[in-house]
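User: I am new to this structure and would like to learn how to read its features. Please take them one at a time, with the general idea before the case.

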Amino acid sequence: ILEVVAMTTVAMADFAAEASQSWASTLKDLDPPSFLKKFWSKSTRSDGRLFSMCRRTRMTRGILKLRTAGSSLIQLGNTQIVCGISLLVGQPSIPDNGDLVVTRADSPDFSLPLQSILTEMLDLSCLALGEAQAWRLQVTLQVLEDDGNLNDACLLAAVAALTDTRLPPTQRNPQTERIEIMESSQENGSSLKFNYIPVPLTLGIYFGKDQKTTFLLADPTVEEEALLQGQLTIVVKLDDKNTEEQHNIVHVQHSCAPPGLKREDLAVAAHMAYGRDKEIRELLS
């Protein structure tokens with residue numbers, strides 16, 4: 001009898017677990033907002049992450065071997081972006097400096113000012129070639145899959161590709177008096193020089209029913225983005241001369257519905273961004 005009771009108890013537990021999973025799956029299909037908010041009310045998320053946790057980030061550099069000076073693939077959860085760096089030689093608008101142009105193949109617009117951030121990141125003097133000529137870096141981004149948080153994924157892909165970039169040797173043609181690119185493998189090229197490495201963290205903003213409780217969701221998915229009441233992106237730099245405690249925020253982008261963020265919310269967000277900096281530096285090392 002005891003054995004039968006034990007087997008019945010196990011069977012009932014299995015049935016309850018299956019019923020719970022079936023209910024959750026049905027709620028997700030029929031009412032996605034209620035499905036997500038049910039998790040948020042318990043300070044967790046449908047994929048098992050805490051509010052402060054980003055999805056697994058994978059970074060692969062040097063994936064495009066032909067016609068690029070540098071390349072990368074960023075996978076932020078299911079979001080995937082590939083970036084390629086191509087080189088042009090021309091006359092710079094600022095003497096003794098090259099420049100950088102960012103484009104996204106699938107869309108002409110960025111919600112984050114990537115070109116400004118990347119230009120400040122790069123020591124443009126390393127692009128000068130002399131003879132009033134310099135390198136132009138063409139940074140091209142392609143979204144392979146959008147599962148949310150394109151801001152962070154695009155910037156990380158560009159940073160990874162730039163750190164992978166090598167400038168080939170050049171020579172001056174005495175007949176044309178122009179700079180010409182010499183045949184060379186990427187390994188023989190020179191690396192770019194950087195003022196610092198920018199690391200982004202985007203947080204989704206959601207207010208509780210009382211409008212007094214603020215939830216900050218790190219690295220939101222595309223499903224979560226549809227329910228958010230705002231977003232906050234913080235870009236942090238940590239140059240080699242600073243200790244871990246001496247961070248600098250180089251860019252903040254904020255859009256939020258009323259009642260807005262409080263000062264303590266911004267302090268929490270900045271602390272989360274500093275933690276993200278450590279994670280990304282491990283991937284770049």
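Analyst: What follows goes from the whole chain to single residues and pairs.

User: What should I know about the model before reading it?

Analyst: This is a predicted model, in which local features need pLDDT of at least 70, side-chain atom pairs count only at pLDDT 80 or more, and totals for chains, interfaces and linings use all residues. Residues are numbered from 1 along each chain as its sequence is written, and side-chain values use heavy atoms, with hydrogens and water left out.

User: How many helices and strands does the chain have?

Analyst: Helices (H or I, at least four residues) and strands (E, at least two) are DSSP runs, numbered from the N terminus. The chain has 6 helices and 14 strands.

User: How much of the chain is buried?

Analyst: Buried means under 20% relative accessible area, exposed over 50%, and partly exposed in between (1.4 Å probe, protein chains only). Of the 285 residues in the chain, 42% are buried.

User: Is Arg276 buried or exposed?

Analyst: Arg276 belongs to helix H6 (residues 263–284). Its relative accessible area is 3%, so Arg276 counts as buried. Leaving aside neighbours within four places in sequence, the contacts of Arg276 include Cys54, Leu156 and Pro200.

User: Which residues have a positive phi although they are not glycine?

Analyst: Most residues other than glycine have a negative phi. Arg67 has a positive phi of about 65 degrees, and Asp219 has one of about 50 degrees. Arg67 is in the loop between strand S1 (57–61) and strand S2 (70–76), while Asp219 is in the loop between strand S12 (214–218) and helix H5 (222–225). Arg67 counts as exposed because its relative accessibility is 84%; Asp219 counts as buried because its relative accessibility is 0%.

User: How are the axes of H3 and H4 placed?

Analyst: Two packed helices are described by the angle between their axes and the distance between the axes. Axes are lines fitted to C-alpha atoms, for helices over the stretch in contact, and angles run from 0 to 180 degrees between N-to-C directions. The axes of helix H3 (residues 114–121) and helix H4 (residues 150–164) come within 11 Å and cross at roughly 35 degrees.

User: Which residues of H3 and H4 meet?

Analyst: Leu114, Ile117, Leu118 and Met121 in H3 meet Cys154, Leu155, Ala158, Val159 and Leu162 in H4. The residues of this contact divide into 9 nonpolar, no polar and no charged. Here Ala, Val, Leu, Ile, Met, Phe, Trp, Tyr, Cys and Pro count as nonpolar, Asp, Glu, Lys and Arg as charged, and the others, Gly among them, as polar.

User: How many aromatic pairs does a search of the whole structure find?

Analyst: Rings of Phe, Tyr and Trp (its six-membered ring) pair if their centres lie within 6.5 Å; planes under 30 degrees apart count as stacked, over 60 as edge-to-face and the rest as tilted. The search finds 4 aromatic pairs. Phe35 and Phe39 are edge-to-face because their planes are at 70 degrees, with ring centres 5.1 Å apart. Phe35 and Phe39 are 4 residues apart in helix H2 (residues 32–40), so about one helical turn separates them. Trp40, Phe51, Tyr206 and Phe215 form one aromatic cluster.

Terms used
Contact means heavy atoms within 4.5 Å.
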